[in-house]
Amino acid sequence: MNLRRTGAVTRKEMRHILRDPRSLTMALAVPVLMLLLFGLALSLDVDHIPTLIYDADRTATSRALIEQFRGSSYFQILGYPDNYKAIENAIDRNQILLGVVIPPDYSRRIESGKEADVQLLIDGSDSNTASIALGYAQGVVQLYSLDLRSQGQNRKGGLAARKSPPVDSLLRVWYNSRLESKNYVVPGLIAVILMIIGSVLTSLTIAREWEMGTMEQLLSTPLRPTELVLGKMAAYFVVGIVDLSISIGCGVLVFQVPLRGSFLLLVFTSCLFLFGTLFWGIYLSAGSKTQLEAYQMAMLSSFLPAFMLSGFVYAIESMPPVIQAVSYLVPARYFVVILKGIFLKGVGLDVLWLETLFLAGYAAVIFVLATRRLKQKIT
Amino acid sequence: MWERISEIIRKELIQSLREPRMRFMLFLPPLIQLLIFGFAVNLDLEHSKIAWMDLDNTPASRNLGAAFASSRYFEVVALPDHEEQVQNLMDHSRVQAVIRVLPGFARDIERGKTAGVQVLIDGTNSNTASLVSNYANLVVVGYAAQVQAEQQSQQLLTRSPTAPVGGSVAQVNARSRVWFNPDLRSRNYFIPGVVANIIMTVTLMLTALGIVREKEIGTMEQLMVTPIRPIELIIGKMIPFALMGLVDLVLVTVAAIVVFHIPFRGSALLLLACSMLFLMTSLGAGLFISTVSHTQQQAMMSSFFFTMPAFMLSGFTFPIRNMPPAIKAIAYVNPVYYFMEIVRGIFLKGAGLQAVWPQMIFLAVFGVAILTLSAWRFQKRLD
C-alpha cells in the first residue's frame, strides 16, 4: 500500500464531491431533513382521542360516568349523539376513534346492584393508537367502577366509606422521564443518517466509474485495489463526519436531547460504525455495473435494515423470532443500542463493550471483503 | 406518432428486462421490502419483559405478583433483590420495567390505607413505555378491585353473618368492540401502507434515474437527433415504468394477502384504478426530478428529499393527528396520504367508490398538475 497514491484517490474524490455543490448540499442537508421530520412531526403519543358518547340512559348516574371521560385529557369529546347510528357513521368516516355507548338500563342495573355494561367501540385500523386508547378507556371505566362499588356497598353495609383505592401504582420512568418521543427517536436517527451517507451515497462511487468507463483509466494506473478502497472511503468519511457533527449538534442544541454519557465514546463508536457502512457501500459499488443497481442494493441492504431492524423506532422484541435473529446481523442494531445507551442512559464501555467490539469487527471484515471483490472484478 | 411512441416503449422494455439481473432488481426489492416491513413493523406489545421485586413477601404481594405473571402482556424474567441488580437490569435493557412492592404493602392494605406499587419503567422507547405503563396500571387496578371486593364482603360477613351478600355488588364493565381490525394486529394497518409506499418509491426512482442516466451517459443526444418529439419521448418512457409499477402492485398485494393474511374487503378493480391515478403523481414527480438533475447521484438525492417526507407525512406509522399544525398542513397536501387512505380503506374497510371519491379527485388533480408541469419543464430543457 502506498499512502501517496491513496491520498491522490482521496483528492480526486474530494474534487469530485466539491465540483457538484448540489449533491454536497443535499448530502449535508440529509441530517437536517431527517431530524426535522422525525423530531417535529413524529409522535406516537396518544392523547385527545376524538370520542363520541351516546348516552341512552340519560340519568345522573350515567352523567357521572361521562364526567370521568370529560375529565381525562386523553379524550376529546366531540359530541353526544342520540343514536347508535351516528357513532357508526362517524367511525366509518374517520371522524372519531372511540365511541362510548351507555345502554338504556344502565342506571337501573347499577341501582339494583347488578353489573352494568358500557360499550366501547373503537376503530382498530391503527392498532397501536387503538390499543393505547382502549387501555385508557378501560382504565377510566375500571376506576369508576371501583369507586362506585365502594360507595354503593358501604352505603348498603353501613360501613365507613373508603376514600381511596386499596392499591395504587406509582409510576416512575427512568432515562426519559417525560416519555418524549424525540428523546428516543433522535439518537437512533443518527444511525440511519450515517447509513444513508455511508452506504447509499458511497455505493454510487465505483458503480459510476464502471458506468462512465473511467474505471478503465483508473486501472491503467499503478493504483492497487486497497488504495482505491481506502482513498474513496476517506473522502466520504469526511462527509460522514460533517453529517455526524450536524446530527449531534442539532439533536443536543435544537431538540434538547440529553447527552448523559461520554462525548468521546460517542464520536469513537460513530467513527467505527461509519467505517463499516462506508466499506459496505464500496463493497456493493464494486459489484454493480450501473448506478441504479448499486442504489437498489444499497437501499435494500443498508437503509432498509437500519430503518426497520435496528430498533430505532420499531421495537425488536415485538418482532417474530426469525426476524429477531436476522436483526443480529444488522450493524445498525448494535449502534442504536450504543447511541441510546450513551445519550439517554449515560452508560459507558463497561456496558457497551460488546456492541463496540462488534462494530470494529464488522468494519474490518467488510473492508477485506470489499478489497477482495474489487480485486476479482479487475482481474 | 403512436408508432414512434411504441418504438420507445419497446426499447425501454428491452433495456429494462434484457439482463436477468435487472429483471431481478425490478421485482425482488418490492417483495423484500414488503417482507421486512411486514414482519418488522409491529408496535403491538405482548410478553413485555419485566422484573419482579417483592420486598414485602406476603400472601397479598404474591397475589399481585401472580396477577402480573399471568397477564399476557408481561413476562417476569428476573427477580432482583438489590438496588444494584435493578440498575444493572435496566442499564443493559434486559427488562422493560421493574415492579417493586415495598415493605408494608400487606399491612397498608389491611389498615385501609393505599398501598403503593412502584412501577419503574425504561422510558427510552416512549411508545413501548406508555403501553407498558398502561397495562401495568390495568393489572394493578384489577387487583385493587379484587382486594376491595374481598375486604368488603369480609366486613359485611363479620357484621351480619346472616345477610345475603353475593350478587348485590354494583359494578361497571367495559365491553369493547373493535372494528375493522378486531385482533388489533398492527400488521393489518401497516401492510396496506407498505403497498402504497412501494408503488411510489419504485416508479419514482425508475423514472428519475432512468431519464437522467440517458443524459449522463450521453444517449439522450442520440435520441434527440431522431425525429422523436419530447412529448412522445415522455409518454414512451413513462408507460413501461407505469406497467412495472402496476405489476409490482399486483405482486405486492397478492403477497400481502397470501403471506400476511391481510383482509382484502374491497374491490380489486377500484384499487387498480386508484393506483393508476396515483401513478400519475409518482411518475410526474420522477420526471420533475429528472429535469432538475444532471447526474444520477443528484437524482437519487433529490428523490430521497421527495420520498422521505412524503412517506413520513403520509400517516404510515405516525398518526397525522399528533403532528403540529404546520406539519399537518403539509401532510394534507401530500398525495401519498390520500393514496394511503384509499389503500387502507379498500383493504380493511371494504370502502367503495362512494367512500373514496374525494381522495380520487385529489389524486387526479395533483397528478395532472405535476405531470403537466414536469412535461413542460422537460420540453423546455430539450429545446
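Helices here are DSSP runs of H or I, at least four residues long, numbered from the N terminus. The model is predicted.

**Exercise 1. Which class, buried or exposed, does V100(A) fall into, and which residues are in contact with V100(A)?**

Step 1. V100(A) sits in strand β3 of chain A, residues 98-102.

Step 2. V100(A) has 25 C-beta neighbours inside 10 Å and therefore counts as buried.

Step 3. Apart from neighbours within four places in sequence, the contacts of V100(A) are T51(A), I53(A), F69(A), V118(A) and L120(A).

Step 4. A further distance can be read for Y84(A): this residue is 16 residues from V100(A) along the chain, with 9.7 Å between the two C-alpha atoms.

**Exercise 2. Describe how α9(A) packs on α10(A).**

Step 1. Two packed helices are described by the angle between their axes and the distance between the axes. For α9 (residues 225-254) and α10 (residues 263-287) of chain A, the angle is about 130° and the axes are 10 Å apart.

Step 2. Because of this angle, α9(A) is oblique to α10(A). The crossing of the two helices is right-handed.

Step 3. On the α9(A) side the contact is made by V229(A), K232(A), M233(A), Y236(A), F237(A), G240(A) and L244(A); on the α10(A) side, by S270(A), L274(A), L278(A), F279(A) and I282(A).

Step 4. Sorted by class, this contact of α9(A) with α10(A) holds nine nonpolar, two polar and one charged residues.

**Exercise 3. Follow F279(A) beyond the α9(A)-α10(A) contact.**

Step 1. The largest nonpolar core has 152 residues. F279(A) is among the residues with the most contacts inside this core, together with L189(A), A191(A), V192(A), V195(B) and F339(B).

Step 2. Neighbours within four places in sequence aside, F279(A) is in contact with M233(A), A363(A), I366(A), F367(A) and A370(A).

Step 3. There is also a second, separate core of 66 residues, which includes I49(A), F75(A), L146(A) and V119(B).

**Exercise 4. Classify the packing of α2(A) with α7(A).**

Step 1. Helix α2 (residues 21-41) and helix α7 (residues 181-212) of chain A cross at roughly 150°, and their axes come within 10 Å.

Step 2. Angles over 145 degrees count as roughly antiparallel, and α2(A) is therefore roughly antiparallel to α7(A). The crossing of α2(A) and α7(A) is right-handed.

Step 3. From α2(A), the residues A27(A), V30(A), P31(A), M34(A), L35(A), F38(A) and G39(A) take part. They meet K182(A), V185(A), V186(A), L189(A), V192(A), I193(A), I196(A), I197(A) and L201(A) of α7(A).

Step 4. The classes in the contact of α2(A) with α7(A) are 14 nonpolar, one polar and one charged.

**Exercise 5. Where do N57(B) and H261(B) lie, and how exposed is each?**

Step 1. N57(B) is in the loop between β1 (48-54) and α3 (59-70) of chain B. H261(B) is in the loop between α9 (230-260) and α10 (268-292) of chain B.

Step 2. N57(B) has a phi near 55°, a positive value in a residue other than glycine. The phi of H261(B) is also near 55°.

Step 3. N57(B) has 14 other C-beta atoms within 10 Å, so N57(B) is partly exposed. H261(B) has 12 C-beta neighbours inside 10 Å and therefore counts as exposed.

Notes
Residues are numbered from 1 along each chain as its sequence is written. Chains are lettered from A and ligands numbered from 1 in the order in which they are written. This is a predicted model: local features need pLDDT of at least 70, side-chain atom pairs count only at pLDDT 80 or more; totals for chains, interfaces and linings use all residues. Axes are lines fitted to C-alpha atoms, for helices over the stretch in contact, and angles run from 0 to 180 degrees between N-to-C directions. Angles under 35 degrees count as roughly parallel, over 145 as roughly antiparallel, 65 to 115 as roughly perpendicular and the rest as oblique. A crossing is left-handed if the near helix is turned anticlockwise from the far one by less than a right angle, and right-handed if clockwise. Two residues are in contact if their C-beta atoms, placed from the backbone, lie within 7 Å. Ala, Val, Leu, Ile, Met, Phe, Trp, Tyr, Cys and Pro count as nonpolar, Asp, Glu, Lys and Arg as charged, and the others, Gly among them, as polar. A nonpolar core is a set of buried Ala, Val, Leu, Ile, Met, Phe, Trp, Tyr and Cys residues joined through C-beta atoms within 7 Å. A residue is buried if 20 or more other C-beta atoms lie within 10 Å of its own, exposed if 12 or fewer, and partly exposed in between; C-beta atoms are placed from the backbone.
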